[in-house]
2 protein chains.
Amino acid sequence: MSTASTARAAFRDGVVASTAGWAPGFVQANLVSVPTEDAYDMLLFAQRNPKPCPVLDVTDPGSPATVLAPDADLRTDLPRYRVWRHGQLDEEPDRVTHVWRDDLITFLIGCSFTFEAALAEAGVPLRHVDAGRNVPMYVTNRDCRPAGRFSGPLVVSMRPVPAGQVATAVRVSAQVPQVHGAPVHIGAPEELGIADLARPDFGEPVDPLPGDVPVFWACGVTPQAVLLESKIPFAITHAPGYMFITDVRDIAYRTAG
Amino acid sequence: MSTASTARAAFRDGVVASTAGWAPGFVQANLVSVPTEDAYDMLLFAQRNPKPCPVLDVTDPGSPATVLAPDADLRTDLPRYRVWRHGQLDEEPDRVTHVWRDDLITFLIGCSFTFEAALAEAGVPLRHVDAGRNVPMYVTNRDCRPAGRFSGPLVVSMRPVPAGQVATAVRVSAQVPQVHGAPVHIGAPEELGIADLARPDFGEPVDPLPGDVPVFWACGVTPQAVLLESKIPFAITHAPGYMFITDVRDIAYRTAG
């Protein structure tokens, strides 16, 4: 547990950990950096797929600064990054100063970790947090709406929710449309093409308790699946579950309701 | 009164009228078409200023088609357009086929007319509709957050609301964040730099009744003020109040609340 700035300082100093449960109450964000020539397609992809890709900020070219945390350096303040070359995962460093470029535009995209505080406040248990694990994420059989060179499947995160609290989980997350909003699917994982919940594509599996129903939210890892499919020459992202922690309070993204 | 498609057909056939009150229950949209080279800055401007510029769709280059109304032609189906050259209003035609270009990307941006149906349902009177007038719009002293070559002031629309119903108007419009959402300002027009409500910059003045309070919403005409300031070589917009009527129902943009 920490505030946003001390969490970022810890990651900058070399701590490597999933940010789930860190700096409660502060908005966490997915990071995608692409060269200027790919930025329009990425921004359009986000506009066309707002549930998995709710854009919170877009930087100026080459800038490691964001309005979401004025003191942060986007090249060093995440616990783990991924560097992509031609659709291949090339390295997973804990900073990206060595591969940074003047033409990189960085997208900070809402993360479902953000609404977890709201779920917890409403009494909805978070099984993965209780187990000290990263949230499980799955590539689905649903296609995103393409934009220019970007196309690919929807990725979802899954949280087991007690059947009696599923409606509460929907209501609470619907109030944060800028951080994925309401679930895209409840129960019936096979309908999303997920054969085995115990084998997520990203993150770690989480054990449901008896009476839990799997609830699926659109996930900010979606752009990574899309980058992989598009095979653009160069991109940087966060590592799934290792997010950017902003100075913005969760409450700022809740709708009046 | 009409459905969306018959309204569009009427405009295509030469009817010229403000779309306020037309096709009730259907989402209306602002239109901005810019050359491909300016599209990234326009999309980023919209992302950075979501209250005045909530993007509902972005077309492919040169395409007059939108997913918001598959049968529509964006070059002919609005009642009135504005053609801009180097920041100057060049003409106000009722179709733009003669100036259309293969490199134009069109942005359809949410319009406050959309939440008027919700306001009316909630019993909030719409003085300008009752008077058969276009809604009054004002250029404010507030700057939008710039993006690339685009910068300029926030434009607001104003509706006089009975003091006892202002809270209802806030609550109802907050439930449609994709069409401007909650008001940006209530009362005190001088704080926005508006000297005289009877002299709007766009649209027509509307007479308040005793006990009415002026309520200001971010307005989709904002991009026009921005195009004017940026002096880009070429752009097309709708004429203020003469909107694109989509096939999408208002209810689709209401949050769960």
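This is a predicted model: local features need pLDDT of at least 70, side-chain atom pairs count only at pLDDT 80 or more; totals for chains, interfaces and linings use all residues.

Biologist: Start with helix 2 of chain B. Is helix 2 of chain B mostly covered or mostly open?

Modeller: Mostly covered. In helix 2 of chain B, 10 of the 13 residues are buried.

Biologist: Which residues of helix 2 of chain B are buried?

Modeller: The buried set runs D38(B), A39(B), Y40(B), D41(B), M42(B), L43(B), L44(B), F45(B), A46(B) and Q47(B).

Biologist: What do they pack against?

Modeller: Elements of both chains. From chain A, there are helix 2 (36-48) and strand 2 (55-58). From chain B, the partners are strand 1 (26-35), strand 2 (55-58), strand 5 (104-110) and helix 6 (222-230).

Biologist: What span should helix 2 of chain B have?

Modeller: At 1.5 Å a residue, its 13 residues should span 18 Å. The end C-alpha atoms are 19 Å apart, which agrees.

Biologist: New topic. How do helix 3 and helix 5 of chain B cross?

Modeller: Their axes come within 9 Å and cross at roughly 130 degrees. The two helices are therefore oblique to each other. The crossing of helix 3 and helix 5 of chain B is right-handed.

Biologist: Which residues meet there?

Modeller: F115(B), A118(B) and L119(B) from helix 3 meet A169(B), V172(B) and S173(B) from helix 5. Five of the contact residues are nonpolar, one is polar and none is charged.

Biologist: Last one, A7(B). Why does A7(B) count as buried?

Modeller: Because A7(B) has 22 C-beta neighbours inside 10 Å, and 20 or more makes a residue buried. A7(B) sits in helix 1 (residues 4-12) of chain B. Its C-alpha atom is 7.2 Å from that of W22(B), 15 residues apart along the chain.

Terms used: Residues are numbered from 1 along each chain as its sequence is written. Chains are lettered from A and ligands numbered from 1 in the order in which they are written. Axes are lines fitted to C-alpha atoms, for helices over the stretch in contact, and angles run from 0 to 180 degrees between N-to-C directions. Helices (H or I, at least four residues) and strands (E, at least two) are DSSP runs, numbered from the N terminus. Angles under 35 degrees count as roughly parallel, over 145 as roughly antiparallel, 65 to 115 as roughly perpendicular and the rest as oblique. A crossing is left-handed if the near helix is turned anticlockwise from the far one by less than a right angle, and right-handed if clockwise. Two residues are in contact if their C-beta atoms, placed from the backbone, lie within 7 Å. Ala, Val, Leu, Ile, Met, Phe, Trp, Tyr, Cys and Pro count as nonpolar, Asp, Glu, Lys and Arg as charged, and the others, Gly among them, as polar. The expected span of a helix is 1.5 Å times one less than its number of residues. A residue is buried if 20 or more other C-beta atoms lie within 10 Å of its own, exposed if 12 or fewer, and partly exposed in between; C-beta atoms are placed from the backbone.
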